[in-house]
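This report describes the fold of one protein chain, as seen in a predicted model. The sequence and the structure are shown first.

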Amino acid sequence: MTTVVAGPATGTHPGRPEALPSDRGRTVLDIVVPVFDEERDLESSVRRLHAFLTSGFPYSFRITVADNASTDATPVIARRLAAEIPEVRTVRLEQKGRGRALRRVWSDSDADVLAYCDVDLSTDLGALLPLVAPLVSGHSDLAIGTRLGRGSRVVRGPKREFISRSYNLILRGALSARFSDAQCGFKAIRSDVARRLLPLVEDTGWFFDTELLVLAERSGLRIHEVPVDWVDDPDSSVDIVATAVADLKGVWRVGRALATGALPLAEVRAQLGRAPLAPPEVPGVPRAMPFQLARFAAIGVASTVANLLLFLALRGMLGPIAANVVALLVCAVANTALNRRFTFGVRGRERAVTHQFQGLIVFALGLVLTTGALAVLGAVAPGAHLAVEAAVIVGANLVATVLRFVLFRSWVFRTRSTTAPLEKATAA
């Protein structure tokens, strides 16, 4: 059950800058303060937040205190603040969970931009306008405060610093996340984006933020990051161990859902995601080829180095021909997988086995080139120095790399047009 106590929806005061024309008659920002047993800090924090917003924030606003089943005087204080301050309302939830509170308030809000901050106000409020403005303008879809970006200033102990950075490294490795700080309690989202993403987010606790950000990023939405000044609250009641375990379970669950395609992110991308930027036209070069070439070249360099190192490591045991075959086979599988994802943008499991099979055919052609080069070297210069063999391997691999790009682009990962089947269906 949810209880709501609310005053007028918008705040307009003589001391505030005049509202923008598009701001009149509606609430632009609804900032939520989730609380659980915060009778000591709630009133001072809400009054401080309200004073900041009324003194210099250029948009209409509402402050919503989301009480997560508090057992102390928190709900009484929240109701008193809502009765006294027109721009404050309170929502009472009978179950705990920050994610549950944010989902409820954000789903019911009529504001254009939805945000939240921790009740301890560890984040400097001067970052609030930079957080909200890109969403109001339509430049970005979500915005987060980051304590790990350039320009951030953070005061906290080494234990929390280590945990925070380790968690974000896990997100980058396990979920390919590119945002820098998932846990900072200072975030905002456009309401139209929230309405589409919230039904897909399962977590109701601390992992809610991370899950929302990962789904947004995978849907092609733009996440704006704001470096913040942040001072740790030494009296925080968060159970670090329990939260870490829950977060790791969440990472596993979301990673599995993404791998199996259980989430309809393609639909979200089609509705809200930004269309790819059109690359500049280069006479005689197909569109997107310059970008593909750059990525393919980087992967090719890494593959060549790895192939050479493997060859040198195995040559003493297997001989030059066998060592080349094994090294090239291992690198070919990795090369195909990397190019599939990063060069040609193919994701998911569909046709993955077929692509690897076709990649092995391309590998066989490269094997013919490199093995043939070594055979010719052996016939022309028996007992050639190891450095000469290595140089021949590198040269042959460069030729094989060019051939690989051509075959990858024109055959293995060729974009298959759906125009013909569509025309046939229309004609029928």
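## An enclosed strand

Strand S4, which spans residues 88-93, has 6 of its 6 residues buried, and it is therefore largely enclosed by the rest of the structure. The burial extends to both faces of S4. On one side lie Val 88, Thr 90 and Arg 92, and on the other Arg 89, Val 91 and Leu 93.

Strand S3 (residues 61-68) runs parallel to S4 and is joined to it by 6 bridges. Within this pairing, Ile 63 is placed opposite Val 88 of S4.

Helix H2 has buried residues of its own: Thr 74, Pro 75, Ile 77, Ala 78, Leu 81 and Ala 82. Because these residues cover an arc of only 160° around the axis, they are on the same side of H2.

## Segments annotated as transmembrane

An unreviewed UniProt entry lists residues 320-338, 359-380 and 386-407 under "transmembrane region". In the predicted model, two of these segments can be described by their secondary structure and their end-to-end distance.

Residues 320-338 are 100% helix and 0% strand, with 26 Å between the end C-alpha atoms of the span. For residues 359-380 the model likewise gives 100% helix and 0% strand. The end C-alpha atoms of residues 359-380 are 31 Å apart.

## Cysteines

How many disulfides does a search of the whole structure find? The search returns 0 disulfides. A disulfide would be a covalent bond between the sulfur atoms of two cysteines.

## The chain as a whole

The chain contains 14 helices and 10 strands. Of its 428 residues, 44% are buried. Among contacts in the chain with a separation of 6 or more, 78% are between residues 24 or more positions apart.

Definitions and conventions
Residues are numbered from 1 along each chain as its sequence is written. This is a predicted model: local features need pLDDT of at least 70, side-chain atom pairs count only at pLDDT 80 or more; totals for chains, interfaces and linings use all residues. Side-chain values use heavy atoms; hydrogens and water are left out. A disulfide is a pair of cysteine sulfur atoms within 2.5 Å. Buried means under 20% relative accessible area, exposed over 50%, partly exposed in between (1.4 Å probe, protein chains only). Helices (H or I, at least four residues) and strands (E, at least two) are DSSP runs, numbered from the N terminus. Two strands pair if DSSP finds at least two bridges between them. UniProt positions are given in the numbering used here, feature names are shortened, and annotations may be inferred rather than shown by experiment. The arc is that of the directions from the helix axis to the C-beta atoms. Contact means heavy atoms within 4.5 Å.
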